[in-house]
Amino acid sequence: MSLDFASRPARPATPSVTRLGARIGARIDGITLGGDLDPTTIDLIRTALLEHKVIFFRGQQHLDENGQYEFARLLGEPTTAHPTVTSRGERILPIDSEYGRANSWHTDVTFVDRIPKASILRAEVLPPYGGSTTWASTTASYEALPDPLKALVEHLWATHTNVYDYAASTAEDVNATTSDYLDEFQSTYYETRHPVVRVHPETGERSLLLGHFVKSFVGLGTTESQALFQLLQARITKLENTTRWNWEAGDVAIWDNRATQHYAIDDYDGQRRRLTRITLAGDIPVDVHGERSRIVSGDASHYSPIDAPVRAAG
């Protein structure tokens, strides 16, 4: 786990990548994000993302929503804002504390078959304290499993649904705004069966595909599912597997949604916090035996095309 309390250094003449932890996280300096970046710079960003799972950029105050979107297009094909939440824009989803707090470990939109490959988050309005975000490497957590647990999870599947909205509200803090948002989030029911261990389509690495959209494990009862879920989630969120980012206005974070979970920390006393998120189209997860995720309910074709990533050499 790493904490970034230092003031932003002077931007170097050429881009640099600074590792923030042994297992996850890096800061990139010397790049002004936008839709006009050259292929060499985009390759550097892509390579850093695959290696470090989440990357951060300071000092991007020049970006607005259009600039964020044009930059995102250089990394992949943007999805629509959300499979069900369509009232707040078509291209960009506001992560706004007025609608609720994302204070639960999750991977974005795992209740559909075509899970986004990456998310790009830009800070707009921040509280004077608190409101940082933590990411966990689901690749490092898989690699650290003892062999008996690896043998178990490599044959395990989980059912994911959108019956719980991480961006809406906790049960004890529901108001009219968050209630309406939750109703919209659940307006179309999605249920998908994903392998608990997926193979990364570009790196070939294996990672744990879980998070709070999991309803149960296929073939296990409720009690067994809950116990196993807690055991595996505890492995994922061990501090050694995480990095924590303390936001400044204009910051941008990009994470590999195929290899991470994240958690927005609700420690800012009800003050305003707003960030804007763009997701990039992803592939359908494949397990270690070559089987693909399966739809139980819901068609996400309007939300996202299916990406066909190219496997990295070596």
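# A tour of the predicted model

The secondary structure of this protein comes to six helices and 16 strands, where helices (H or I, at least four residues) and strands (E, at least two) are DSSP runs numbered from the N terminus. The model is predicted, so local features need pLDDT of at least 70 and side-chain atom pairs count only at pLDDT 80 or more, while totals for chains, interfaces and linings use all residues. Residues are numbered from 1 along each chain as its sequence is written, and side-chain values use heavy atoms, with hydrogens and water left out.

Begin with the whole chain. Of its 314 residues, 55% count as buried; buried means under 20% relative accessible area, exposed over 50%, and partly exposed in between, with a 1.4 Å probe and protein chains only. Among contacts (heavy atoms within 4.5 Å) between residues at least 6 apart in sequence, 83% join residues at least 24 apart.

**Stop 1: helix α1 and its ends**

Select residues 39-52, which form helix α1. Now colour T41, I42, I45, A48, L49, L50 and H52, the buried residues of α1. The elements that cover these residues include β1 (16-19), β2 (26-29), β3 (54-57), α2 (65-75), β5 (118-125) and β13 (252-256).

At the N-terminal end, show the side chain of D38, which caps α1 through an oxygen lying 3.0 Å from the backbone nitrogen of T40; a polar contact is a pair of N or O atoms within 3.5 Å, and within protein one must be able to donate a hydrogen and the other to accept it, with residues adjacent in sequence counting only if both atoms are side-chain atoms. Just after α1, go to K53, which takes a positive phi of about 75° and has its place in the loop between α1 and β3. K53 counts as buried because its relative accessibility is 4%.

**Stop 2: helix α2**

Select α2 next, and pick out G67, Q68, Y69, F71, A72 and L75, which are buried. Among the elements covering these residues are α1, β5, β13 and β15 (274-280). At the start of α2, a side-chain oxygen of D64 reaches to within 3.2 Å of the backbone nitrogen of N66.

**Stop 3: the two pockets**

A pocket is defined on a 1 Å grid over the protein atoms alone: whereas a cavity is a set of points where a 1.4 Å probe fits but cannot get out, a pocket is an open set with protein on both sides within 12 Å along at least five of seven lines, and lining residues have an atom within 4 Å of a point. Grid points are joined across faces, edges and corners, and a volume is the space filled by probe spheres set on the points.

For the largest pocket, with a volume of about 200 Å³, select V214, K215, S216, L220, G221, T222, S225, Q226, F229 and Q230. Two or more lining residues come from each of β11 (214-217) and α6 (222-236), and α6 gives the most, with five residues. The lining divides into three nonpolar, six polar and one charged residue, where Ala, Val, Leu, Ile, Met, Phe, Trp, Tyr, Cys and Pro count as nonpolar, Asp, Glu, Lys and Arg as charged, and the others, Gly among them, as polar.

The second largest pocket holds about 150 Å³ of space, and its lining is I45, R46, L49, L50, L75, K117, A118, E202, I254, R258 and L280. This selection leads back to α1, which supplies the largest share of the lining, four residues. By class, the lining has seven nonpolar, no polar and four charged residues.

**Stop 4: H262 in strand β14**

Centre on H262, in strand β14 (residues 260-264), which counts as buried at 8% relative accessibility. Its side chain is joined to that of D108 by a polar contact of 3.3 Å. Leaving aside neighbours within four places in sequence, H262 is in contact with S104, W105, H106, D108, T133, T134, W135 and W255.

V109 lies in the loop between β4 (93-96) and β5 and counts as buried, at 1% relative accessibility.

**Stop 5: V199 in strand β9**

Finish at V199, in strand β9 (residues 197-199), which is partly exposed, with a relative accessible area of 21%. Not counting residues up to four places away in sequence, V199 touches G204, E205, R206, V286, D287 and V288. Between V199 and L209, ten residues apart in sequence, the C-alpha to C-alpha distance is 9.8 Å.

Terms used: The expected span of a helix is 1.5 Å times one less than its number of residues.
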